[in-house]
Amino acid sequence: MKGLTSAEAAARLAAEGPNALPVPGRHGLAAIALGLDVFDCAVPTRLARHGTALVPDPASRFRVNLRRSGFEGDRGPIADGCPCPACRHHDRDYLAYLSRAEELTAVRLLCLHNLTYMHQLVGNARAAIVAGGFARYASAVMGGAAPWAAIRCSCEPGP
Ligand SMILES: [Zn+2]
């Protein structure tokens, strides 16, 4: 289905069974809304290799580059509430230091964070679909709520 938009490709999907999309990028939730079930994406690990972490911030295109300056003394995690080991045990200052020094530990920790972020994003999308709150979940995430926070408000009764 090369050369088609996501919507054009979705129109050709099988009604039953899994449908796959390679490289969903930042349009993953839109692809899920169109009916895609499976993704194959290297973005989380590629970003990590370049010192970039996924964050719930649409103003920064949902990513932060820790190799840039400005994280000195920042004692917060990459993303508040993230259950990954990097966010539970390390702060942005330390991770930025490791990343600028090109320590492999930084790549490992950022990979753990980015893969956890994506796992939370799609896992909670699945839970929101089951609960009938996917549109609210997707809207909250695209508005800047973390996936682990957005699932709570998407499963509550709507207005
Ligand atoms: Zn994390």
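Predicted model: local features only at pLDDT ≥ 70, side-chain atom pairs only at ≥ 80, totals over all residues.
Trainee: How many C-beta neighbours does Phe62 have inside 10 Å?
Mentor: Phe62 has 17 of them, so it counts as partly exposed. Buried takes 20 or more other C-beta atoms within 10 Å, exposed means 12 or fewer, and partly exposed is in between, with C-beta atoms placed from the backbone.

Trainee: Okay, where is Phe62 found?
Mentor: Look in the loop between S3 and strand S4, which is residues 63-65. Helices (H or I, at least four residues) and strands (E, at least two) are DSSP runs, numbered from the N terminus. Phe62 also has a positive phi of about 65 degrees, although it is not a glycine.

Trainee: And what about the phi of Glu102?
Mentor: Glu102 is not a glycine either, and its phi is positive, at about 55 degrees. You'll find Glu102 in the loop between H5 and H6.

Trainee: Is Glu102 buried or exposed?
Mentor: Exposed, because Glu102 has 10 other C-beta atoms within 10 Å.

Trainee: What comes just after H6?
Mentor: Gly132 does, and it takes a positive phi of about 80 degrees.

Trainee: Switching topic: which residues of H6 are buried?
Mentor: Among them are Ala106, Leu109 and Leu110. The list also includes His113, Asn114, Thr116, Tyr117 and Gln120.

Trainee: How many residues are in the largest nonpolar core?
Mentor: That core has 33. Such a core is a set of buried Ala, Val, Leu, Ile, Met, Phe, Trp, Tyr and Cys residues joined through C-beta atoms within 7 Å. Those with the most contacts inside it are Ala53, Ile78, Ala86, Leu95, Tyr137 and Val141.

Trainee: Which element gives the largest share of the core?
Mentor: H6 does, with seven residues. Others that give two or more include helix H2 (28-33), strand S3 (52-54), helix H4 (85-89) and helix H8 (147-154).

Trainee: What does Ala86 touch?
Mentor: Leaving out residues up to four places away in sequence, Ala86 touches Ile78, Leu95, Leu109, Leu110, Leu112 and His113. Contact here is C-beta atoms within 7 Å.

Trainee: Last one: where do H6 and H7 meet?
Mentor: From H6 you get Leu121, Asn124, Ala125, Ala128 and Ile129. On the H7 side, they meet Phe134, Tyr137 and Val141. Tyr137 and Val141 are also among the core residues with the most contacts.

Definitions and conventions: Residues numbered from 1 in each chain as written. Contact = placed C-beta atoms within 7 Å.
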